[in-house]
Protein chains: 2
Amino acid sequence: MPNKTIYLDYAAATPLDSNVLAAMQPYLTDIFYNPSAPYQPAREVRVDIENTRASVARTIGAKPTEIIFTAGATESINLAFNIDGHVITTQTEHAAVLQAAKLHSGSTFVGVNEKGRVDPRDIKKSITPQTTLVSVGLVNNETGTAQDIKAVAKVISDERQNRVKNDNPTPIYLHTDVSQAVGILDINVARLGVDMMTLNGAKIYGPKQTGVLYLNSSIDLQPIIAGGGQERGLRSGTENVANIIGLGMAIEVAERKRKTEVERLQKIRLQLLGILQESFDELIVIGDQKHNSPHILTVAWPGLDAERILFALESQDILVATGSACAANKDTRSHVLTAMGLEPDIIDGSLRFSFGRPTTTQDIGTAAKIIVETIKQERDRGTRIRQ
Amino acid sequence: MPNKTIYLDYAAATPLDSNVLAAMQPYLTDIFYNPSAPYQPAREVRVDIENTRASVARTIGAKPTEIIFTAGATESINLAFNIDGHVITTQTEHAAVLQAAKLHSGSTFVGVNEKGRVDPRDIKKSITPQTTLVSVGLVNNETGTAQDIKAVAKVISDERQNRVKNDNPTPIYLHTDVSQAVGILDINVARLGVDMMTLNGAKIYGPKQTGVLYLNSSIDLQPIIAGGGQERGLRSGTENVANIIGLGMAIEVAERKRKTEVERLQKIRLQLLGILQESFDELIVIGDQKHNSPHILTVAWPGLDAERILFALESQDILVATGSACAANKDTRSHVLTAMGLEPDIIDGSLRFSFGRPTTTQDIGTAAKIIVETIKQERDRGTRIRQ
């Protein structure tokens, strides 16, 4: 990345933390052994993997045996969904959750309010005696809106009591995707009240295609990738040791920096929001401002062509997003903003700014000035065309 | 790895080639963008991925759209097996193939002869009108024995003609796992006559958990990991760019060095085999010596405790294998050697030596001396105990 570039798309991708890369480096060079081999140098690699597993478990309040290392959050999610029965999720989940849910027939996709929040009562209403899985992401990747997972967990726990009363032996589990929440919110599985949880290395300055599925020890899942029996038989394949070590370090660093980083990001977010609100009366802030991750700011200028703005900003070395990166090259309106009931002219006029550890208040000062000027120019151009 | 260690377990794991690590490095640092993002630096990453795809395609004689990047050979194999219908494979395949086949009910596991070769006529006999997939690995990881994939392909092609005659519209495909054959044998998909092929980065000096599934464009597979739609919808999840670039380089280097490396490895293998045969009248060479990969030498001393030898050699800084690494920590006899009809005292007395690019004739000279001494000592000890 050229030095002058101001990257404001950390929700799409993060660079490797220098501690993460340093932790990985020995496993990319000298320590290349197959952790299943019987000799001592290989057994030491096995110990390194297990120490990382224990560290991740400690961070999220789980047992080491409940940590499954996968090749990415999408894989973790697909594994979590490899369960029989009726599935419930929300309309604003990441494509990985939506598509995994669609592999089940008859899945229920619960709506959200105009701020992007799901009402736990709507989830309660969708539960049938056959429901086995409810999946609600903690922080939305397009808006930063956080869901009340604890309230959803209460619904699940009530349903469990109902089933005991009704002699219904069907288990019901709560899965949450915390890809955008690690290093931002509390991800202790007991405090959240979840049975399965997906973590994503690629969004927290760890290696890409690294993930964790936390799987409560009471749950009996079937693998989607069978073979040598690694990861308790739930993810076969010789372990990518460097990536596991890197992921562990990424989670450790994220948790260590969490408190100070959240405060810093909050200031940065309010700084940019303040400047934009001062400059544009028509500005619409998207998401639930009371329950929003500080690393994402999604706003809209109704009627603006946000895609043109994205490229105009890029030509001035500022990188931002419209909708999620995964959907960006598909020429369709964001399913998240659509589910929130936003009008097409608001959706098409929306930009997502997302902040990361390297983002400074100076960056925001510089970027805000250029963003304001660019949008004013584009707005005036639009007005001239319409006249 | 300490300098004095002589590693003879390249079939279990290979170190990263320095060219591979160098190719990956920019994507582990500056070039971290999400390849689905719309701005230019991200689009350049997309181009880099597509160039790698084209290069892999060229190497194996396929179209770029037929190359699916996965997180490892085990995943590639599980994806190839995600097909309805009757499945046929051999009893000596890698655990990934055997377990993927077992996910299908009623799969057929064809036997092999005492040299580990499958008779294509046995595969022909196992085919039913419902058979959709036949999977035969090119080089066995425990013995180095190569199968006659072209003859198997002929069986499949004959069956296709039968089905046309019999108005049976069921497709039938041939998959081969070439994890142990890249850089050793010809892996051109047209010349082999295969419809699907699994490549493994971890065994060819590439990054671990990197794989390719070659998928002939006529085949309609369902994904096992759904989501954002990457890799033609067959392997969702933001791409691990560094690993893809590294895998591409590993395949390129392996193919470039193939001819000279095969000659070199053949000499090394014959050097060790010669010394062992000279030293031990009772030595049994396992596998088909007419059709064997030069990077693997599996031999047995009937009645010897190979596991004790492994650790005795380790204490003298020589690392070797007994059976495959994946099975080694499961305390069961090798399924490969068992399927070959070898007696338990031969299986328990077998060692696998596997050679790689860093292995020198000097290494083999040093190692052979220690191996011979160690085994003679152990044999004498055993004789003393029995007396």
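I started with the domains of chain A: the assignment gives domain 1 (6-14 + 258-386) and domain 2 (18-254). These bounds come from an automatic or database domain assignment. The model is predicted; local features need pLDDT of at least 70, side-chain atom pairs count only at pLDDT 80 or more, and totals for chains, interfaces and linings use all residues. Residues are numbered from 1 along each chain as its sequence is written, while chains are lettered from A and ligands numbered from 1 in the order in which they are written.

**Entry: between the domains of chain A**

I looked up the distance between the two C-alpha centres, and domain 1 of chain A and domain 2 of chain A lie 29 Å apart. The contact takes 27 residues from domain 1 of chain A and 26 residues from domain 2 of chain A. Two residues are in contact if their C-beta atoms, placed from the backbone, lie within 7 Å. I then asked which elements of domain 1 of chain A each supply at least two residues of the side that touches domain 2 of chain A. Among them are helix H8 (241-279), strand S10 (296-300) and helix H11 (335-339) of chain A. Helices (H or I, at least four residues) and strands (E, at least two) are DSSP runs, numbered from the N terminus. By class, I noted eleven nonpolar, eleven polar and five charged residues on this side of domain 1 of chain A. Here Ala, Val, Leu, Ile, Met, Phe, Trp, Tyr, Cys and Pro count as nonpolar, Asp, Glu, Lys and Arg as charged, and the others, Gly among them, as polar.

**Entry: helix H6 of chain A**

I checked the length of H6(A) next. At 1.5 Å a residue, its 17 residues (149-165) should span 24 Å, and the end C-alpha atoms are 25 Å apart, which agrees. The expected span is 1.5 Å times one less than the number of residues. Which residues of H6(A) are buried? They are Ile149(A), Val152(A), Ala153(A), Val155(A), Ile156(A) and Glu159(A). Seen down the axis, these buried residues fall within an arc of 155 degrees, so they line one face of H6(A). The arc is that of the directions from the helix axis to the C-beta atoms. On the other side of H6(A), I found Asp158(A), Gln161(A), Val164(A) and Lys165(A) exposed. Buried means that 20 or more other C-beta atoms lie within 10 Å of a residue's own, exposed 12 or fewer, and partly exposed in between, with C-beta atoms placed from the backbone. The cover over the buried residues of H6(A) includes helix H5 (120-126), strand S5 (131-135), strand S6 (173-177) and helix H7 (189-192) of chain A. After H6(A) comes Asp167(A), with a positive phi near 55 degrees.

**Entry: chain B against chain A**

I counted 53 residues of chain B in contact with 53 residues of chain A. Several helices of chain B each supply at least two residues of the side that touches chain A, including H1 (18-28), H2 (40-60) and H4 (95-102). The largest share, four residues, comes from H4(B). By class, this side of chain B has 29 nonpolar, 18 polar and six charged residues. I noted that 100% of the interface residues of chain B are also interface residues in chain A, so the copies meet through the same surface.

**Entry: symmetry**

How is chain B superposed on chain A? A rotation of 180 degrees with 0.0 Å of shift along its axis does it (RMSD 0.0 Å). That is the relation of a two-fold axis. The superposition is by least squares on the C-alpha atoms of residues with pLDDT of at least 70 in both copies.
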